Amino acid sequence: MSMVALFAAEGAEAQALRGQLSLQEALDGPWVIHQGELGRYPVVLIETGVGKAAAAAAVAYAKVRFNPSQSFWVGVAGALNPDLKTLDLILAQDAVQYDVDITAFGRAPGELATGERFIPADAGLTSRVLRTALAMGLPIYLGRIASADRFLAHRSEAEEVRRVFAADAVEMEGAAALWTAKRMGMPMALLRAITDQAGSEAPVAFETFLESASKRLAGLIGQVLST
Ligand SMILES: C[C@H]1O[C@@H](n2cnc3c(N)ncnc32)[C@H](O)[C@@H]1O
């Protein structure tokens, strides 16, 4: 059976996913990597570290080293859409690097030099995650994720990101991960659980809900790979 890659930025997110792996073994490499089995698949789990550069580098490394035929980026996020509540799941239809700014040359905010702006997730994997979550009765939304090298903890800025990009949630890796995966021909879905509302409460809420959000994400991914 073909290899599946799972990516998570933080220790808590990766730890919850590790709880799903059987026959696991730590591998050497420039990231914390565990190999094991999950459901019907051989799996590699890469703890990438936080931020867009770490995300992009880890995705490229994993593609070259393991050549996975499918991949899932899993983690937590702040809500921009007021309909999203704590621990709700947000599945990316697409994602944008909202801190990319070459508007001085007449480009749209978030538009890359390549002309790409809203980077699509893999449609097949995305609908598989959506179907499984709905069958499990989990609260899940399909939408747009905005990523930047910044922990967003100001409500006015959060509203601005929502206004400019029509994004539903904010985090620090997804758009860079999807862009790299797409460029390298590796199908990827991007799944997040809400820990905070990207306002002044965000640092405390993030700490409070990181573990429960990570467990919900890991449970869903376990089910996706088992059905
Ligand atoms: C802080 C870690 O959690 C995610 N994350 C969770 N909440 C937010 C927020 N409000 N702003 C930015 N990133 C967030 C990021 O992706 C990063 O990995």
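1. In this predicted model, strand S1 (residues 4-8) is largely enclosed by the rest of the structure, because five of its five residues are buried. Here a residue is called buried if 20 or more other C-beta atoms lie within 10 Å of its own C-beta atom.

2. The side chains of S1 may be considered next. In a regular strand, side chains alternate between the two faces of the sheet. In S1, Val-4, Leu-6 and Ala-8 point one way, while Ala-5 and Phe-7 point the other way. The residues of both sets are buried.

3. Strand S1 has a parallel partner in strand S4 (residues 41-47), to which five bridges join it. Within this pairing, Ala-5 has Val-44 of S4 as its bridge partner.

4. Strand S1 also pairs with strand S5 (residues 70-79), again in the parallel sense, over four bridges. Here the bridge partner of Val-4 is Gln-70 in S5.

5. Strand S4 also pairs with strand S3, and these two run antiparallel, joined by seven bridges. Val-44 of S4 is the bridge partner of Gln-35, and Val-44 is likewise the bridge partner of Ala-5. S3 and S4 form a hairpin with two residues between the strands, where Gly-39 takes a positive phi near 60 degrees.

6. Strand S3 (residues 32-38) pairs in the antiparallel sense with strand S2 (residues 22-27) over four bridges. In this pairing, Ser-22 stands opposite Glu-37 of S3. S2 and S3 form a hairpin with four residues between them. In its turn, Gly-29 has a positive phi of about 155 degrees.

Notes. Residues numbered from 1 in each chain as written. Predicted model: local features only at pLDDT ≥ 70, side-chain atom pairs only at ≥ 80, totals over all residues. Buried ≥ 20, exposed ≤ 12 C-beta atoms within 10 Å, placed from the backbone. Pairing = 2+ DSSP bridges.
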